[in-house]
Amino acid sequence: MIEAHHPSATGDDDPGAGHPPGDEVREACGVFGVYGPGQQVAELTYLGLFALQHRGQEAAGMAVSDGTNITVVKDQGLVASVFHERTLAGLAGDVAIGHCRYSTTGASNWRNAQPQFRAVGDHQFALGHNGNLTNTEVLARERGMLPGTISSDTDLVAELIADEIEAAVATAGAGTNGRDDDHPGGEPPSLLADAVAAVVPRLEGAFSLVLMDESCVVGVRDPHGFRPLCLGRLDAGWVLASESPALDIVGAHFVRELEPGEVVVIDREGPRSLHPFPPEEVEPRLCLFEFVYFARPDSRLYGMSVHQARIRMGEQLAEQAPAEADMVMGVPESGVPAAEGFARRSGIPLGQGLVKNRYIGRSFISPNQEMRARAVRLKFNPLRENIAGKRLVVVDDSIVRGTTQRQLVRMLREAGAREVHLRITSPPVAWSCYYGIDTGDTNELLAHDLSVDQIRDYLDVDSLAYLELDRLVEATGAAGAGFCDACFTGRYPVEVPVGLRRRVLGQNEQVFGEDVVQPALDGTT
Ligand code: SF4
């Protein structure tokens, strides 16, 4: 989801200015949906969101239908702080969707928390979105929306679907319930599914969606499949989730990943698939960063274990960029399995050099450089007795602005490291992401302007190597399946309009025109 926000006004020229501790790229939302007659769908959704908490920690919400009405509960904060036992107990129903959200600074507000809800006459639906649209302005302009009408791309999608439902009801005529009883194919009619199938081909960019009305759940994956979405089976029901561990936690069996360009409708007849996108537009481009960093290690993407892929990334790094060292250590969390792979392939012993504080959340405020430096120390603390006097290979997943790694290297040297050889399991991040990930602006990215040697000097490491793109793709175990690599290569699978690149949409003053440069269009879900 894209939201509007104003850029940092700190005036601080530190590359990490205005960002939370750690300058890692940040995800971008988790979605969950359950069709479970007779089940405690609110509790299942709560558990599913817990499993997806790593994808978004700023807001959480769920919508539950009792068959007649949809109730939405959402707020800013972690899943555990938004939902309480009493809240869940009051959310009885057969159908639910959930969402956890990350956004950049600015409009992290209640309005942009999801699910989004709409009522069209007697019809209600709710929507959760993971990804970013790239044609929000064009669609808003086509629909004749006035500035300020919508606050996000998700808001726009909800409006477009509401329009379709309204039109379908009007066409069906007064005196009916608006449902299409002559629906072709013999499937149960669904106003929502028909509206979704009519709207999604107009959307461009990244969108994994979950939707629901009073009696069905719908999942959508964009034709490139930028963001993951999978289907699971309960004993008496079905589940949709961004990542497979959310199925495990609710006791659902993994069935399959949704195909890029697939719409799955789940109702009393079970799941059925729609393919509303022109076949020539379907081209799988799963985000490579899901393998590198975002996805849980126990997730499966393209049928492959993410944990095993990260081990292979480390093995590939050891082959590509060996180092003379005494110990290999990973930067928690995603650097740890890669360090295991590096150690295994190189024969250098694996050790633990950093302890990570597991309880530091995104909510930690770091308003200035001094606080940000402390924030890194709050997040990681070196194990001196493991480090002192050693030549270290330090394996990490990516370098974005470099502020975290710079602090880490300083800490390791202060703890007595004799040499620090930094190995990164992805190529240099030199381009912004417009598909649902907050990598920051291109000009904030260390690798956009600096060479590897310059970055090595900036980070004050003895050597630095990034995993080559071919090796990274090979390490996923799914080479040939189709990946987005735009933040490494600048080759964007979906065109990014100039207006989006220039960050056109302001928070309070929304402008749908490419000639007007306003802050900012960089929030994500
Ligand atoms: Fe993922 Fe990078 Fe593509 Fe964004 S640009 S979808 S972060 S690979």
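Modeller: One term comes first: buried means under 20% relative accessible area, exposed over 50%, and partly exposed in between (1.4 Å probe, protein chains only). The model is predicted, so local features need pLDDT of at least 70 and side-chain atom pairs pLDDT 80 or more, while totals for chains, interfaces and linings use all residues. Residues are numbered from 1 along each chain as its sequence is written, and side-chain values use heavy atoms, without hydrogens or water.

Start with the shell. Around the ligand (a heavy atom within 4 Å) sit Arg227, Cys287, Leu288, Phe289, Cys433, Tyr435, Ile437, Cys484, Ala486 and Cys487. By class, 9 of these shell residues are nonpolar, 1 is charged and none is polar. Nonpolar here covers Ala, Val, Leu, Ile, Met, Phe, Trp, Tyr, Cys and Pro; Asp, Glu, Lys and Arg are charged; the others, Gly among them, are polar. Helix H8 (288-294) and helix H17 (486-489) each give the shell at least two residues. Helices (H or I, at least four residues) and strands (E, at least two) are DSSP runs, numbered from the N terminus.

Now take Arg227, which is part of that shell. Its side chain forms a salt bridge with Glu290, at 2.9 Å from N to O. Arg227 is in the loop between strand E8 (217-221) and strand E9 (230-234), and Glu290 is in helix H8, so the pair ties together parts 63 residues apart in sequence. Both Arg227 and Glu290 are buried. A salt bridge needs a side-chain nitrogen of Lys or Arg within 4 Å of a carboxyl oxygen of Asp or Glu. The structure holds 28 of them.

Next, the rings. The whole structure has 11 aromatic pairs. Phe207 and Phe277 have ring centres 6.2 Å apart and planes at 40 degrees, so this pair is tilted. Phe207 lies in the loop between helix H6 (191-199) and strand E7 (208-212), and Phe277 in the loop between strand E13 (270-274) and strand E14 (286-287), so parts 70 residues apart are tied together. Phe291 is buried at 0% relative accessibility. Phe483 is buried too, at 7%. Rings of Phe, Tyr and Trp (its six-membered ring) pair if their centres lie within 6.5 Å; planes under 30 degrees apart are stacked, over 60 edge-to-face, the rest tilted. Tyr435 of the shell also belongs to a cluster of ring pairs, with Phe226, Tyr434 and Tyr492.

For contrast, look at other charged pairs. Glu319 and Arg471 form a salt bridge at 3.4 Å, N to O. Glu319 is in helix H9 (residues 306-320) and Arg471 in helix H16 (residues 469-476), so-called distant parts of the chain, 152 residues apart. Glu319 is partly exposed at 43% relative accessibility. Arg471 is partly exposed at 23%. Glu340 and Arg344 form a salt bridge too, with the closest N and O atoms 3.2 Å apart. They are 4 residues apart in helix H10 (residues 335-346), about one helical turn. Salt bridges with shared partners join Glu315, Glu319, Glu340, Arg344, Arg345, Glu468 and Arg471 into one network.
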